[in-house]
Amino acid sequence: TATGMRVGIHDLAFATTHQVLDLRTLAEHQGIDVNKYYIGIGQTEMSVPCADEDIVTMGAEAAAQIVARLRAEQQAEDGQAFDGIRTLLFATESGVDQSKSAGVFVHSLLGLGEHCRVVELKQACYSATAALQFALGIVARDESEKVLVIASDVARYALDSSGEPTQGAAAVAFLVTADPALIEIEPVSGLHTDDIDDFWRPNHLSTALVDGKYSLAAYLRALEGAWTEYRSRGGVDFEAIDRFCYHQPFTKMAVKAHDKLSALVGSPLDKDQRRAQVAASLELNRRTGNSYTASIYVGLLSLLERDDADLAGRRIGFFSYGSGSVSEFFTGVVRPGYRDVLRTAADERALDDRTAIDHARYRALHEGIDAAQGSDYETAAETPGPFRFAGVSAQVRRYARTA
Ligand code: HMG
């Protein structure tokens with residue numbers, strides 16, 4: 001910033017749904033080799049929402065952890081449980097209303113103060129990165145500001161479509177502040193926008209349409225475009241970046257992307273060295289499935305939690321891609337003491353504690369979302385999470401705390 005203050009991500013929290021489908025179940029139903037999923041696309045499981053879970057309940061569950069910590073810190077300091085959040089940016093492409101921001105529901109569930117701006121952002125999987133950049137701008141202008149960003153998505157494709165194994169769901173919340181405890185975001189970035197039809201969801205559909213093979217090629221072309229601009233604007237060279245965190249529609253995509261970027265820059269690193277630069281970032285996503293806007297930041301959390309190396313002072317390169325398409329390459333430097341900020345055991349538990357469902361239940365839930373459209377209804381009380389989507393009455397979505 002103008003005063004030389006660092007800005008970046010101070011806290012980062014995770015949530016997912018409370019049910020899971022093992023991709024073996026899907027492969028068995030389809031009569032195909034499960035290794036197409038376990039190895040070929042690098043996915044073992046996908047999170048599936050309960051009837052009373054959606055982007056709001058996941059987003060609130062992730063953000064509640066950050067808000068609780070902020071309030072506890074403030075309580076210890078001056079006796080008042082104050083969070084000080086004046087901006088909440090909610091990034092999603094599976095919005096629950098065409099007008100009202102999903103963030104307003106979360107604002108209410110978390111009891112945030114009324115002096116807060118709340119807005120939803122959309123551009124496929126990219127918009128959480130737009131939210132991050134906007135948040136950095138707000139903090140750079142006034143270093144006392146704290147911006148809460150939530151990225152939450154349920155990735156849904158039609159049953160029996162080729163995209164089906166790349167569904168999933170998760171949310172992250174992160175707090176953007178001055179003098180951040182987790183990662184300082186550096187100012188240079190490279191952008192790339194291209195009006196293409198690789199993946200989209202028309203207003204009348206609840207599931208996405210995709211040209212699968214074309215979308216992979218488009219992602220890699222965008223990576224080249226964003227990287228090229230990043231370098232031309234003074235971004236560091238490839239060798240100065242220690243770890244890489246890519247948008248992960250499925251984890252194998254990040255591996256493909258990293259191989260592509262390594263080849264582009266003529267990196268002498270061998271296959272194992274290249275894998276080591278991305279491996280830890282894949283572990284959480286392998287178990288949640290695609291979480292669209294949240295995916296790259298689930299990847300960041302996975303990297304920080306699962307990489308054995310001490311990453312303090314190391315530089316991470318980020319490639320954020322949203323179909324349609326908008327993408328950005330940027331970097332961040334991990335802060336000393338970052339491990340003290342993480343909730344590693346709780347995040348692992350969130351994955352381990354999901355209830356495994358069978359194929360019939362998965363299909364019934366998938367079909368149930370479309371059946372419910374347009375009418376008032378109550379949802380079954382299923383989620384063991386702290387917030388639930390109670391249903392629709394008088395055409396209004398109702399949310400509640402469960403405890
Ligand atoms: P597919 O045609 O079902 O699969 O589509 P495939 O035949 O390409 O096989 C997948 C991989 O598994 C291949 O590996 C096979 O060789 C391998 P590759 O050659 O690519 O390295 N394989 C096996 N490996 C081991 N043992 C076996 C075996 N069998 C096959 N027995 C596809 C796959 C991903 C295209 C499909 O699932 C799909 O369309 N998914 C949705 C689209 C998508 O995720 N696109 C990613 C780029 S676009 C993006 O990231 C944006 C997005 O997140 C949305 C947004 O921005 O909002 C999607």
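In helix 4, the buried residues are Ala102, Gly103, Phe105, Val106, His107 and Leu109. The model is predicted. Helix 4 covers residues 102–109, and with 6 of its 8 residues buried it is mostly covered.

**Helix 4 and its surroundings**

- The buried residues of helix 4 pack against helix 3, strand 4 (85–91), strand 5 (117–121), strand 6, strand 16 and strand 17.
- Gly111 follows helix 4 and has a positive phi, near 65°.

- Nine strands make an open sheet with mixed pairing, in the order 5-4-6-7-1-8-13-12-11.
- Strand 5 and strand 11 (243–246) are the edge strands, each pairing on one side only.
- From one strand to the next, the twist averages 25°.
- Helix 3 packs on this sheet and touches strand 1, strand 4, strand 6 and strand 7; the direction of helix 3 makes about 35° with that of strand 7.

**Strand 7 and its partners**

- Which strand has 10 of its 11 residues buried? Strand 7 (residues 168–178) does, so it is largely enclosed by the rest of the structure.
- Strand 7 pairs with strand 1 (residues 7–15) in the antiparallel sense, over 8 bridges; here Val7 stands opposite Ala178.
- Strand 7 also pairs with strand 6 (residues 146–155), again in the antiparallel sense and over 9 bridges; Phe174 in strand 7 is the bridge partner of Val149.

**Strand 12 and its partners**

- Strand 12 is mostly covered, with 7 of its 8 residues buried.
- Strand 11 pairs with strand 12 in the parallel sense over 4 bridges.
- Across this pair, Phe244 stands opposite Gly317, and Cys245 stands opposite Phe318.
- Strand 12 is joined to strand 13 (residues 326–334) by 8 bridges, and the two run antiparallel; Phe329 in strand 13 is the bridge partner of Phe319.
- The hairpin of strand 12 and strand 13 has 3 residues between the strands, and Gly324 in this hairpin takes a positive phi near 115°.

- Strand 16 (residues 387–393) and strand 17 are paired over 6 bridges in the antiparallel sense; Tyr399 in strand 17 is the bridge partner of Phe389.

**The ligand shell**

- How many residues surround the ligand? There are 30, and the closest are Gly40, Ala124, Cys125, Gly212 and Pro249.
- Helix 2 (35–41), helix 6 (212–232) and strand 12 (315–322) are the elements that give two or more residues to the shell.
- By type, the shell residues divide into 14 nonpolar, 11 polar and 5 charged.

**Annotated domains**

- An unreviewed UniProt entry lists residues 7–178 as "domain: Hydroxymethylglutaryl-coenzyme A synthase N-terminal".
- Residues 7–178 are 36% helix and 29% strand, with the end C-alpha atoms 4 Å apart.
- For "domain: Hydroxymethylglutaryl-coenzyme A synthase C-terminal", the unreviewed UniProt entry lists residues 187–261 and 271–358.
- Residues 187–261 are 43% helix and 20% strand, and the end C-alpha atoms lie 21 Å apart.
- Residues 271–358 are 40% helix and 22% strand, and here the end C-alpha atoms are 37 Å apart.

**Arg275**

- Arg275 is found in helix 8 (residues 271–278).
- Is Arg275 buried or partly exposed? Arg275 counts as partly exposed because it has 14 C-beta neighbours inside 10 Å, whereas a buried residue has 20 or more.
- Arg275 and Arg243 are separated by 32 residues in sequence, and their C-alpha atoms are 9.8 Å apart in space.

Key. Residues numbered from 1 in each chain as written. Predicted model: local features only at pLDDT ≥ 70, side-chain atom pairs only at ≥ 80, totals over all residues. Near = placed C-beta within 6 Å. Nonpolar A, V, L, I, M, F, W, Y, C, P; charged D, E, K, R; others polar. UniProt positions renumbered as here; feature names shortened; annotations may be inferred. Pairing = 2+ DSSP bridges. Buried ≥ 20, exposed ≤ 12 C-beta atoms within 10 Å, placed from the backbone. Contact = placed C-beta atoms within 7 Å. Axes fitted to C-alpha atoms, helices over the stretch in contact; angles between N-to-C directions.
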